[in-house]
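Take a look at the model below. This report covers the interface and then the cores.

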Amino acid sequence: MQKGYQLFFGILAVMVISWLGLVVFPTVQLGHQSTRQVKEIGRHYPSEPGSIVLNGRKIYQQAGCVACHTQQVRQSGYAFDVVLNEVGDFPDSVKQILVDAAKLAGKALSGEEASSQMAQLPSTLLEGVDRVTAEGVIRLFKDSGAKVAANILPLGPDIQRGWGPRQTVGLDYLYDQPLLMGQQRLGPDLANVGARLTDRDWHLKHLYHPRSVVDGSNMPAYTYLFSVQPIDGEPSPDALELSEAFSAGEGMEVVPKPEAHALVDYLMSLRIENPVFEAPYMFTQADPSDINNSEMQPAQ
Amino acid sequence: MSSKPNNTKSKGKTGNDREPGVGKAPVSVGVFVVTILLAYWAMMELNTRAGGFSRYVYGPYESYAVVESVQPGSGDDPIKRGADIYRNICSPCHQASGMGAPGQFPPLAGSDWVNVEGPNRMLRIVLNGLGGPIEVNGETWNAVMPGFGDVIVSDEDLAAVISYVRNSWTNEASICTPEEAAAVRAESGDRGRAWTSTELLALPLEVQ
């Protein structure tokens, strides 16, 4: 062979460069992270998964959920909400500035409306404006004694769909071994599913037969995670409450196996609702009643 | 004529019988120009969009300074802001408790390098790093701390983290102002090597 050594070193160079770029450098850049205290949730994040969650994770892997579900929320941009937090000692001048600020943003605001804004704190003055506008408005309040803040608002299609309040970053995958980030989305993203859909029974029914809770769902049914058994006297407390069309038949009940419970525990553990330094957003402690209302319908 | 095999005119064999080979065909200058331009463009792209390769910078944020500046609740209270920066930069070594790690990282809580009149020496440690033996509270340490002058790019943030350390745990010392941080950065920002404790001890405590 002619120029064999050139071929050899050429291929070697290509391999070494890719190895450096795809393996070594990312390890230097992102490796060796550790959990961090996140003040918004008052504990270290991410927390180490327990054994049940790890079992559920194994079932998630075995069932091939990763073929249809990703666990990564992307963000394409960001904007700011300008919020008035405190009025301070000079309410009259703050009121005047509020009227001026509205003019700057191309809106008309009467003195009365300004007063009502000042009565209910914190009140959002502007929503989703860019940095320059936000800073301009904040500068107006500089010497008025009022406390005005620009709260960051992550933007992007995934965030708009309600799949998560912020993008996922390396830290979120600290205990994700092997990585179940996924690369295809036949179903919705599950990065924050534990915070979005909190009803265990819903998850169990959905796994037993997706179409029993989501019309026209094309997610496969995972019936093998459940045992269909004859009712022995009293029905089991654990049995699923299925509608007519999906019930197991007269005298039969559907009881989740421990695997099903573990899988749901794993799903419940998937949450990215806390901000982290790399992916900031304005975290407000959610009202528990907010979480349970089922307005956040599963995707079609 | 040389006896080496020649890949353009092979001896005897024609067409497909010939063994394929590599020659030294000339390459047009245009290819070089285009390659260099592409490499230049790629470098510029990395320079402006890679966020300085910081692990804390993800798109769409452009740089560490941008991520830092959009942190909710930061900006108004320097100590709170300093706490965020400390947690992200210093705490892997000096620990969230400020106690450091025995034999590896000296403590900041109660340290006689921190609880002094002015932040002059500490500013320099954080800007350029520290190496060689150093005595902290009577104990000698010998390790290397890297400088963070190009990670903590804004003077306000630099002042904030110093102020936080000087006023946390049991520490009680003055607040470091952004002006002081700017003055020290202007003086020693591009020093390029770490300080040693003897060099620092020769400097005044307060920013001049």
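Buried area is the accessible area, found with a 1.4 Å probe, that two parts lose on being put together, summed over both. The model here is a predicted one. Between chain A and chain B, the buried area is about 2,500 Å². Carbon and sulfur atoms give 55% of that area.

**The interface**

Chain A brings 28 residues to the contact, and chain B brings 23 residues. On the chain A side, A:Q2, A:Q29 and A:F277 lose the most area to chain B. Together they account for 28% of what that side buries. Polar contacts cross the interface in eleven residue pairs. Salt bridges between chain A and chain B number zero.

Three elements of chain A give two or more residues to the side that touches chain B: α1 (4-30), β1 (36-38) and β3 (77-86). The largest share, four residues, comes from α1(A). By residue class, that side of chain A divides as follows.

| Class | Residues on the chain A side |
|---|---|
| Nonpolar | twelve residues |
| Polar | eleven residues |

**The cores**

In soluble globular proteins, nonpolar side chains tend to be buried together. Which residues touch the most other members of the largest nonpolar core? They are A:V82, A:F141, B:L123 and B:I152, in a core of 63 residues. Helix α5 of chain B, residues 155-166, gives the most to this core, with seven residues. A second, separate core has 29 residues, including A:L240, A:A260, A:L267 and A:L270.

Leaving aside neighbours within four places in sequence, A:V82 is in contact with residues including A:L125, A:L126, A:V129, A:I138 and A:V148.

Conventions:
Residues numbered from 1 in each chain as written. Chains lettered and ligands numbered in written order. Predicted model: local features only at pLDDT ≥ 70, side-chain atom pairs only at ≥ 80, totals over all residues. Heavy atoms only, no water. Core = buried A, V, L, I, M, F, W, Y, C linked by side-chain atoms within 4.5 Å. Buried < 20%, exposed > 50% of the residue type's maximum accessible area, 1.4 Å probe, protein only. Contact = heavy atoms within 4.5 Å. Salt bridge = Lys/Arg side-chain N within 4 Å of Asp/Glu carboxyl O. Polar contact = N/O pair within 3.5 Å; in protein donor to acceptor, adjacent residues only side chain to side chain. Nonpolar A, V, L, I, M, F, W, Y, C, P; charged D, E, K, R; others polar.
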